[in-house]
Amino acid sequence: MAAPRSAAATLRASAPKGYLAMLDRHLALAGRPPSWTIDRILIAKPVLATVGGLIALVWISGDPVPLRFLGGLVLTALCIFLPDLLLYNKGQKRQEDIQNALADTLDQMTIAVEAGLGFEAAMAKAATNGKGPLAEEFIRTLQDMSIGRARKDAYQAFGDRTTSPDLRRFTRSVVQADTYGIAIASVLRIQADEMRLRRRQRAEEQAMKIPVKVLFPLIFTILPVLFIVLLTPAALGMIAAFT
């Protein structure tokens with residue numbers, strides 16, 4: 001145990017501060033999974049680089065041509081940055097899940113508040129009944145307030161742990177409602193309606209992008225094969241006729 005810890009401490013000390021801050025930000029966006037820590041990522045990078053370098057060396061030794069040298073360098077670089085790519089992808093997937101679940105969760109909280117519950121009780125109810133990263137963030141925010149953190153600071157930290165613009169807008173609205181004494185039920189209702197509208201607009205936008213995305217595969221893959229299938233018999237017939 002001492003050797004991995006000393007190696008992780010050495011790698012952490014030698015890593016740039018900006019890179020460590022970026023890793024910490026990506027871990028926060030990914031929900032800080034237990035199996036992903038900065039020390040483990042820093043240790044995994046040289047291990048994967050060594051494995052990739054050995055595979056590239058074996059591959060290059062079979063036929064040492066410049067193309068294989070280039071492929072070996074690309075493979076080694078990919079192994080070095082593979083933990084960063086996986087962590088980034090995990091964070092993006094988690095933020096998308098939060099964005100998609102926000103409108104329905106706010107509907108549940110609005111019903112709970114209008115039924116007589118307080119805002120924190122409605123949040124706890126939605127977190128208990130819900131699943132996924134948004135429910136986890138609600139629980140963490142409630143835990144921050146239960147250990148004595150100010151409500152405003154807890155909500156701001158909640159918004160900082162995500163890249164979802166809707167969630168950040170929601171946390172700012174909650175902070176303003178708490179500061180100026182605005183009825184939280186009306187705030188929740190307005191936010192839920194707006195987020196549902198934005199979710200529908202995003203879906204329509206993605207649907208409008210589909211024809212453009214399909215255009216390039218159609219031109220470079222489907223149409224050439226179609227031309228080959230249609231024109232090859234005619235070309236063979238012309239060759240046979242002239243010869």
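Buried here means under 20% relative accessible area, and Leu-87, with a relative accessible area of 1%, is buried by that cut-off. Keep that in mind as you look over this predicted model. The protein chain has nine helices and zero strands. With a radius of gyration of 27 Å, well over the 18 Å that the globule rule gives for 243 residues, the chain is more spread out than a compact globule.

**The chain as a whole**

- Reading along the sequence, you get the pattern α-α-α-α-α-α-α-α-α.
- Taken along the principal axes, the C-alpha atoms fill a box of roughly 90 × 60 × 25 Å.
- Of the 243 residues, 30% count as buried.
- The chain exposes about 15200 Å², and carbon and sulfur atoms supply 68% of that.
- If you take the contacts between residues at least 6 apart in sequence, 60% of them join residues at least 24 apart.

**Leu-87 and its surroundings**

- Leu-87 sits in helix H4, a helix that covers residues 66-114.
- Setting aside residues up to four places away in sequence, Leu-87 touches Leu-23, His-26, Leu-27, Ala-30, Trp-36 and Ile-41.
- Leu-87 and Thr-128 are 41 residues apart along the chain, and their C-alpha atoms are separated by 27 Å.

**Helix H5, one side in and one side out**

- Helix H5 runs over residues 119-129, and Phe-119, Ala-122, Met-123, Ala-126 and Ala-127 are buried in it.
- Looking down the axis of H5, those buried residues fall within an arc of 135°, so they line one face of the helix.
- As background, an α-helix has 3.6 residues a turn, so residues three or four places apart point the same way.
- Thr-128 and Asn-129 are exposed, and they are carried on the face of H5 turned away from its buried side.
- What covers the buried residues of H5 includes helices H4, H6 (133-146), H7 (151-160), H8 (165-180) and H9.

- Gln-191 has its place in helix H9, which spans residues 184-242.
- At 6% relative accessibility, Gln-191 counts as buried, because the cut-off for buried is under 20%.
- Leaving out residues up to four places away in sequence, Gln-191 touches Leu-106, Arg-169, Phe-170 and Ser-173.
- Val-214 is also found in helix H9, but at 45% relative accessibility this residue counts as partly exposed.
- Val-214 belongs to a nonpolar surface patch together with Ile-210, Val-212, Leu-215, Phe-216, Leu-218, Ile-219, Phe-220 and Ile-222.
- The patch residues together have about 840 Å² of accessible area.

**Salt bridges**

- The count for the model comes to 18 salt bridges.
- One of them joins the side chains of Asp-84 and Lys-45, at 2.7 Å from N to O. This pair links distant parts of the chain, with Asp-84 in helix H4 and Lys-45 in helix H3 (residues 38-62), 39 residues apart. Both Asp-84 and Lys-45 are buried.
- The side chains of Glu-120 and Arg-151 also meet in a salt bridge, at 3.1 Å from N to O. Glu-120 lies in helix H5 and Arg-151 in helix H7, so the pair ties together parts that are 31 residues apart in sequence. Glu-120 is partly exposed at 23% relative accessibility, and Arg-151 is partly exposed as well, with a relative accessible area of 37%.
- Another salt bridge brings together the side chains of Arg-202 and Asp-166, at 3.2 Å from N to O. Here the linked parts are again distant in the chain: Arg-202 is in helix H9 and Asp-166 in helix H8, 36 residues apart. Arg-202 counts as partly exposed at 27% relative accessibility, whereas Asp-166 counts as buried at 2%.
- Beyond these pairs, there is a network of salt bridges that links Arg-94, Glu-136, Glu-137, Asp-144, Arg-149 and Arg-161.

Definitions and conventions
Residues are numbered from 1 along each chain as its sequence is written. This is a predicted model: local features need pLDDT of at least 70, side-chain atom pairs count only at pLDDT 80 or more; totals for chains, interfaces and linings use all residues. Side-chain values use heavy atoms; hydrogens and water are left out. Helices (H or I, at least four residues) and strands (E, at least two) are DSSP runs, numbered from the N terminus. Buried means under 20% relative accessible area, exposed over 50%, partly exposed in between (1.4 Å probe, protein chains only). Contact means heavy atoms within 4.5 Å. The arc is that of the directions from the helix axis to the C-beta atoms. Patches are made of residues with over 30% relative accessible area and no salt bridge: like charges are joined within 9 Å, nonpolar side chains (Val, Leu, Ile, Met, Phe, Trp, Tyr) within 5 Å. Accessible areas come from the Shrake-Rupley method with a 1.4 Å probe; for residues, only the protein chains shown count as cover. A salt bridge is a side-chain nitrogen of Lys or Arg within 4 Å of a carboxyl oxygen of Asp or Glu. The radius of gyration is taken over C-alpha atoms; the globule rule is 2.2 Å times the number of residues to the power 0.38.
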